[in-house]
Amino acid sequence: MFERKLNFKPKAKLVGELLNRELICSQLGAAPFLSIKLTEAGYVKQRDNAILLNNNFCCYKDEIILSYKPILPFEVKDAIKKSTAIIVGKISNRELIFNVKFPPDVYFQEHWPTTPTIKVFIPEDKIPRQLEAPLFVGSYDSDKLIPCFVFRNKIVAIDGIQYFHVTDSTIFPEEDLLMVKHFVLKQEKAFEKMKSQVEAFEKFEKLMKSSREPISEEVRMYVWRRDGGKCVQCGSQKSLEFDHIIPVSKGGSNTERNIQLLCEACNRQKSNAI
C-alpha cells in the first residue's frame, strides 16, 4: 500500500529537465514505466566486458544480470556459475528489458543513477501528459526516496517528503501535485518577466545608440536644398529644425529620405506621431 511520510515542511526544487524524451537529472531513481537505455559507448562495451548499472545490476553480452550481493564486473561470470547471480532481462536496441516483475520498491532501494553508461527516457505517449499535469518519474536521491515529478519539461523534487510502495496505479496527493505545478508555473512567469525586461533594456540601449548618432552634415545640406530652406508644412523660414519623419523611437533612420525641415511650431504639433 502506498505510503507518504512527511519529514519536514515540503519544499519543491528544480533538479533537472526533460530533453528529447531523456530525463537529464543526477541521482534519479527510475519509475517502472520509464525506459532505461544504454548509451552507444556502453552498449558496445558490454559486448566484451560487463558494465555495472549499480551495485547489484550489470549488463553483459546483451543480458541484464542481477546479483544477490554487490558485484564487480570481473566477478559476473563466476557469480552466474555459482548461482549467486541470475539473468533477469535482455538488451534490445540498447533498451533494458526485464523479464521479471520486480516489487516497485526495488526501483527506489537500488540506485538507477544517470551515469555515462545509462540514460532514462520517458515513453513517447506520456510526453503530452506531462505538459498538462505532473508525472511521477521516481525518486531523487534514492537513499532519501524524495519524490520526483516531471511537469512542462522540468524535473522537480519535493524535499521533505518520502514515498514508499509506489505502483502504476498509485494516486498521488493533490497537495504534492499542486506544489509542483505552482513551482514550475511561478518559475515560468519569472522567466517571462526577466525576458521582457531584457528585451526592454536592449531596445532602450538601441534607442540611446541611435539618438546619439547625429545627422551628418551631408544629409543636412541635401535636405536643406531639397526643402528649399523652409518648413515643409507652413513654409516658415524661422526657427527651422531637422525632423525625423519616422521618429528614432520607432526605428527611424538618419537618412535624407527620413529627414525633413519643420519650423519649431509645426514640429511640436507633430510631436512623436508618424
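Q: How many aromatic pairs does a search of the whole structure find?
A: The search finds eight aromatic pairs; the structure is a predicted model.

Q: Why is the pair of phenylalanine 2 and tyrosine 163 called edge-to-face?
A: The ring centres of phenylalanine 2 and tyrosine 163 are 5.0 Å apart, and the planes stand at 75°. Pairing requires centres within 6.5 Å, and planes over 60 degrees apart count as edge-to-face, so the pair is edge-to-face.

Q: Which parts does this pair tie together?
A: Phenylalanine 2 lies in the segment before β1 (3-19), and tyrosine 163 lies in strand β13 (residues 154-164), so the pair joins parts that are 161 residues apart in sequence.

Q: What makes tyrosine 163 buried?
A: Its relative accessible area is 3%, and buried means under 20%. Phenylalanine 2, at 24% relative accessibility, counts as partly exposed.

Q: Why is the pair of tyrosine 163 and phenylalanine 172 called stacked?
A: Their ring centres lie 5.5 Å apart with the planes at 20°. Planes under 30 degrees apart count as stacked, so this pair is stacked. Phenylalanine 172 is buried, with a relative accessible area of 16%.

Q: Which residues form one aromatic cluster with Tyr163?
A: Phe2, Phe136, Phe149 and Phe172 form the cluster together with Tyr163.

Q: Where does the charged end of lysine 37 sit?
A: The charged end of lysine 37 sits over the ring of phenylalanine 121, at 5.2 Å from the ring centre; the distance cut-off is within 6 Å.

Methods. Residues are numbered from 1 along each chain as its sequence is written. This is a predicted model: local features need pLDDT of at least 70, side-chain atom pairs count only at pLDDT 80 or more; totals for chains, interfaces and linings use all residues. Side-chain values use heavy atoms; hydrogens and water are left out. Rings of Phe, Tyr and Trp (its six-membered ring) pair if their centres lie within 6.5 Å; planes under 30 degrees apart count as stacked, over 60 as edge-to-face and the rest as tilted. Helices (H or I, at least four residues) and strands (E, at least two) are DSSP runs, numbered from the N terminus. Buried means under 20% relative accessible area, exposed over 50%, partly exposed in between (1.4 Å probe, protein chains only). A charge sits over a ring if NZ of Lys or CZ of Arg is within 6 Å of the ring centre and within 35 degrees of the ring normal.
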